[in-house]
Amino acid sequence: MNYTGTRGKYAISSSEAIARGIASDGGLFVPESFPALSDSEIKALVEMNYCERAKLVLSKYLTDFSESELDDCVKGAYCGTFDDDNPAPLREVDNKTFLLDLWHGPTCAFKDLALQLLPHLLTRSAKRTMSDKDIVILVATSGDTGKAALDGFADVPGVKIIVFYPENGVSAIQKLQMTTQTGNNVSVCAIKGNFDDAQTGVKNIFSDPEMIKKLSDNGLVFSSANSINFGRLVPQIIYYVSACCDLLKAGKLAPGEKFNVAVPTGNFGNILAAVYAKRMGIPVNKFICASNKNRILTDFIRTGTYDRNREFYLTSSPSMDILISSNLERMLYHLYDGNCAEVAKLMDSLKKEGKYTVSAEVLSKLQSEFWGGFCDDEAAEKAISKLFNEKNMLCDTHTAVAVDVVEQYRKETGDDTLCVMASTASAYKFAPAVLPAVFKGDMPEDGFKIIEKLSEVTATPIPAPLAGLDKREVLHKNCVEKSQMAEFILKTLLK
């Protein structure tokens with residue numbers, strides 16, 4: 001299996017794609033073709049546990065990794081690091097609706113499913129392709145990726161990690177998770193701007209020849225833990241394959257029967273992983289793309305025009321407060337049948353004009369697979385309340401966006417196909433927004449008192465990784481202008 005780029009042709013191994021993170025022309029690496037899961041392999045997967053399923057899926061994409069290497073990577077990522085041996089369990093809402101819980105890892109968010117594995121993949125990839133250099137992981141985060149990456153890479157030999165987050169664009173819990181992170185190789189810095197500013201800054205630094213040379217002269221090389229890195233994306237394919245297998249095993253789905261997938265997303269990576277699972281043979285009928293008030297993906301799916309020239313909203317689902325959806329570039333590549341020139345043209349238009357419009361043919365292909373919807377904070381709060389009061393199930397604000405949008409989809413289309421909804425974070429990470437949905441009394445003023453109240457009201461335990469977070473020492477207090485990100489990196493690395 002070789003990898004090429006979305007903006008230019010390459011023919012590189014999975015190790016090189018993972019180690020480099022992003023192509024030199026600014027494009028993203030994609031597989032040259034999609035490996036298929038045969039009917040017999042899907043039948044075998046049904047009887048496997050999560051780690052065994054992970055190894056089989058990974059072996060299809062990471063063909064330069066040996067079986068023993070994949071075994072070591074998977075065990076290191078998923079054994080003893082999650083609540084139990086199934087890191088991505090399904091919860092049945094009703095016989096047509098399931099929540100795919102992706103938040104049982106060390107940071108209580110779906111990013112753990114990828115970022116517990118990526119350090120193992122990246123360090124092995126780097127040894128193959130750039131053994132003489134230490135890796136510098138640059139991360140822009142809207143909240144969850146930052147902590148999950150910090151947790152995964154802390155004290156990993158030969159790696160340094162620097163995380164940038166928007167000063168006022170993450171929840172209080174997310175901020176504390178990052179700023180209290182220990183590790184001799186970690187740095188965390190707020191920027192005065194939003195997530196898109198952080199993401200754009202990181203992308204520009206990745207492709208800055210002067211920065212690259214300065215690092216190289218000091219025995220360092222950049223890589224990424226954001227979902228622009230294929231090594232971040234490939235582990236996410238696993239849990240959609242696994243969800244299908246669990247449905248088949250439980251008799252909720254017949255062999256070959258299609259199901260819908262709904263994903264709350266801003267950067268498009270989590271839903272793209274489901275697309276890749278379908279390309280492998282998992283029978284997905286429709287991808288329901290759920291946005292918050294920053295409805296740029298909804299508008300794109302409905303109109304074919306992607307336009308970031310709009311008001312930016314801070315919402316109760318901050319991990320989706322995004323106006324530049326990086327992984328959409330990979331989807332464009334596939335929609336344009338691998339036409340790099342067309343994708344490069346669109347990305348150039350986005351950079352210069354802040355927008356682009358796809359062809360009518362591409363829009364038709366997109367809409368044949370995708371349905372886009374959005375909901376605001378008020379609708380999300382109602383979805384949390386309804387789910388808890390009617391089903392005694394607690395969900396966070398991001399998951400609530402998917403719950404509401406699925407209801408919209410069913411009302412508008414009449415399609416009641418079984419639906420798997422990605423539940424992307426623990427409700428406790430966003431307790432100040434979740435508690436009012438399930439409790440109408442006086443709200444505690446202190447953030448951690450809110451967490452305790454949420455546990456009391458819902459009779460659910462506070463996740464261990466979040467308990468006592470307020471007692472930990474804040475170690476990272478840096479905040480810079482977005483124009484000073486490169487300066488901060490050099491100051492941190494070249495002491």
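The model is predicted, so local features need pLDDT of at least 70 and side-chain atom pairs count only at pLDDT 80 or more, while totals for chains, interfaces and linings use all residues. Residues are numbered from 1 along each chain as its sequence is written, and side-chain values use heavy atoms, leaving out hydrogens and water.

**The largest pocket**
- A pocket here is an open set of points on a 1 Å grid over the protein atoms alone, with protein on both sides within 12 Å along at least five of seven lines; lining residues have an atom within 4 Å of a point.
- The largest pocket holds about 550 Å³ of space, a volume being the space filled by probe spheres set on grid points joined across faces, edges and corners.
- Its lining counts 23 residues, with Arg 7, Lys 203, Asn 204, Met 347 and Lys 351 nearest the centre.
- Helices H9 (195–206), H14 (328–335) and H15 (340–353) each give two or more residues to that lining, and H15 has the largest share with five.
- Helices (H or I, at least four residues) and strands (E, at least two) are DSSP runs, numbered from the N terminus.
- By class, the pocket lining splits into nine nonpolar, seven polar and seven charged residues.
- Nonpolar covers Ala, Val, Leu, Ile, Met, Phe, Trp, Tyr, Cys and Pro, charged covers Asp, Glu, Lys and Arg, and the others, Gly among them, are polar.

**The cavities**
- There are four cavities of 30 Å³ or more, a cavity being a set of points where a 1.4 Å probe fits but cannot get out.
- The largest cavity is about 260 Å³, and its lining has seven nonpolar, 14 polar and two charged residues.
- Nearest the centre of the largest cavity lie Phe 110, Lys 111, Asn 267, Ser 319 and Ile 322.
- The second largest cavity has about 40 Å³, and H9 gives three residues, the largest share of its lining.
- Lys 203, which is among the residues nearest the pocket's centre, also lines the second largest cavity.

**Helix H19**
- In H19 (residues 431–438), Ala 431, Val 434, Leu 435, Ala 437 and Val 438 are buried, meaning under 20% relative accessible area with a 1.4 Å probe, protein chains only.
- They sit on the same side of H19 because they cover an arc of only 160° around the axis, taken from the directions from the helix axis to the C-beta atoms.
- These buried residues pack against H17 (377–391), H18 (397–413) and H20 (447–458), where contact means heavy atoms within 4.5 Å.

**Gly 251**
- Gly 251 is in the loop between helix H11 (230–249) and strand S9 (259–264).
- Gly 251 is exposed, at 59% relative accessible area, with exposed meaning over 50%.
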